[in-house]
Amino acid sequence: MGYRRLDLLVFGLSVSILWGTVFSDLILSKVDRRVDLRSQIVRITSTLKVENDGTNVVSEVLLAFPDDQAKHLAYLAATPNEGGKGKAKDFKTSSSLPVELVVHPKHDMPPALTFYSVSLPKGLAKGDTFTFELLAVFTHALQPFPEKISQAEIQLLVFQDSAYFLSPYAVRAQSLTVKLPDARIESYTRLDNTKIHGSEIKYGSYENLPPFSYSPIVVHFENKQPFAVAQELVREIEISHWGNVQVTEHYNLNHGGAQIKGEFSRLDYQARPHVRGASAFRHLVAKLPPRARSVYYRDEIGNISTSHLWGDSRKTELEIEPRYPLFGGWRTSFTIGYGLPLQDFLFQSKGKRFLNFTFGSPINDVVIDTLIVKVVLPEGSGDVSVSTPFPVKQSQETKVSHLDIVGRPVVVLEKTNVVPEHNQYFQVYYKFNSLAMLREPFMLISGFFFLFVAGIVYMHADMSISKSSASYLAKLQWDEVQAAVQQVENIISRCLTIHDKLEASLRDLSRTGDIQASKAARKAADGSLKELTKELKPLLAFLQSSQQASQILPKVEDLIVKEKDLQERLLAKHSTVVDCYEKKYGGKEIENRIAQHQQKINALTQEVDDLLDFIAET
């Protein structure tokens, strides 16, 4: 970190000496910067008062960023501030000033800098002033330090910037305020006129600074906010002219904060989640449109993770909880889907239909490294065009779905480094002939017609098999074997359900300490398992006596044996845990005593699942 600060200092000194008089027409008479570090996204809001001190009319203002900082710049917007400091807050309105990347600046510029230009609403003559607000949003600008922490340690982050506003113009007066999530600050750079008030650090004011002045600062602070980073998010928006817009979002998510080191203890986490899991996050909230319907959430295994949905006439909120809390470096994948009324998002203008929809993710706490938005248009759509409020990469592809002939055109929009500020409306325009809507009903009617004709032919044809034939008798015997095997599968599944209840009683025991309740659960499980064992005996005897079951019988016998071994291990583990609680052993001692049982239980569980899958596919 020391070398990094030295490099920044040398960079600032060299720039201020070599390029101190590049621009003399403009002066920043007042600059007020406010840095918000309360989440993983760094937002810097600056109020700039520009004054023309030269003779030529000026129509644009240049903004400078170091290349190391510019590569993390996700969003940059400027808007006039006619009401003074802090009055203009909406950076997404039509009154925003045009901001463009300057590829080839008009003047020679110092190296390692990236420039943007802000176009003024009208030219500034000599002595004129103009005040505007600038919002710069950065991702991955906060670095964990240390990079790895244990489950019980607090996440600490490092932020680096300059106490002076880096600008190609001279600055008469400026100040900087750094807003932190908490009053606990490990360390920060102390300069002249530095004050700290609770969770805020204030630098300045500083006066009469030459162009490209730079004074590096480093803030080392505590941050418990979730670092949810979607390495890739694919949003598919499918339009149906029959009244529905179907949205499906596939998330590939990870925790981008300090990585966890050492072992993770579920017992410690459940006992004290705010102490033994302070750096983890347990849920995310997706703010969906108000009339969202048929909302679902599932991960790679299925729709059995926890989710809560509520809403009113203005909004619909979906709170989702992954299967496990996400610590630094951990990953998860899940899918959100919902339907929307077509009339809320599809409109007509000048002979074309157009979709008006939001671009970004409905989860505001997520930073998206790569966002891919796919708009699936109805089959037969043509003359497609797209309007977006910011540059995106565009392409087209085709999707073939049910009842399609040539496929549906798909507009693909891709953007990297996406933040909540990008959640703005975009439009997809296309032409569509209403008669094409009759294609699918006609295909359905034709399909049912041919189905009924086939049914009539089938009913009048004699395709029966003689009940005295060997093939018919063999089929009956095989049906009996399949029925018996299915009953065995059902009994084994009921046994596995009882196993889950035993495990749940241990979790309840760790949470409540109620030993008697755990013993009662054990007693009930013993009785149920004995009854199921009795039900298995006649089924196994039948399969052993049937020649048709010769191929499947070894797997069935192996399944019963494995499940019996699993029962014994689970009961032994249950007895050990209850005994430890009666002797008041600690959590670490309990884990050590059941470690060998748990290892064997995991192996047997996998073997039982594999055998069940094999038998089900036979």
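Before checking a helix length, I noted that the expected span of a helix is 1.5 Å times one less than its number of residues.

**Entry: helix α8.** The model is predicted, and I kept that in mind throughout. I took helix α8, residues 553-582, which has 30 residues. From its first C-alpha to its last, α8 reaches 44 Å, close to the 44 Å expected at 1.5 Å a residue. Just after α8, I found K584 with a positive phi of about 60°.

Entry: I then looked up UniProt, where an unreviewed entry lists residues 587-614 as "coiled-coil region". What does the chain do over residues 587-614? I got 100% helix and 0% strand there, with the end C-alpha atoms 38 Å apart.

**Entry: cysteines.** How many disulfides does a search of the whole structure find? My search came back with 0 disulfides. C495 counts as buried because its relative accessibility is 1%. C580 is at 0% relative accessibility, so C580 counts as buried too.

**Entry: a nonpolar patch.** Which residues form a nonpolar patch on the surface, with about 440 Å² of accessible area together? I noted L444, F448, L451 and F452. L444 sits in helix α5, which runs over residues 439-459. Is L444 buried, partly exposed or exposed? L444 counts as partly exposed, because its relative accessibility is 42%. A reminder to myself: an α-helix has 3.6 residues a turn, so residues three or four places apart point the same way.

Note on methods
Residues numbered from 1 in each chain as written. Predicted model: local features only at pLDDT ≥ 70, side-chain atom pairs only at ≥ 80, totals over all residues. Heavy atoms only, no water. Patch = residues over 30% accessible without salt bridge, like charges linked within 9 Å, V, L, I, M, F, W, Y side chains within 5 Å. Areas by Shrake-Rupley, 256 points an atom, 1.4 Å probe, with all protein chains shown as cover. Salt bridge = Lys/Arg side-chain N within 4 Å of Asp/Glu carboxyl O. Helix = DSSP H or I, 4+ residues; strand = E, 2+ residues; numbered from the N terminus. Buried < 20%, exposed > 50% of the residue type's maximum accessible area, 1.4 Å probe, protein only. UniProt positions renumbered as here; feature names shortened; annotations may be inferred. Disulfide = S-S within 2.5 Å.
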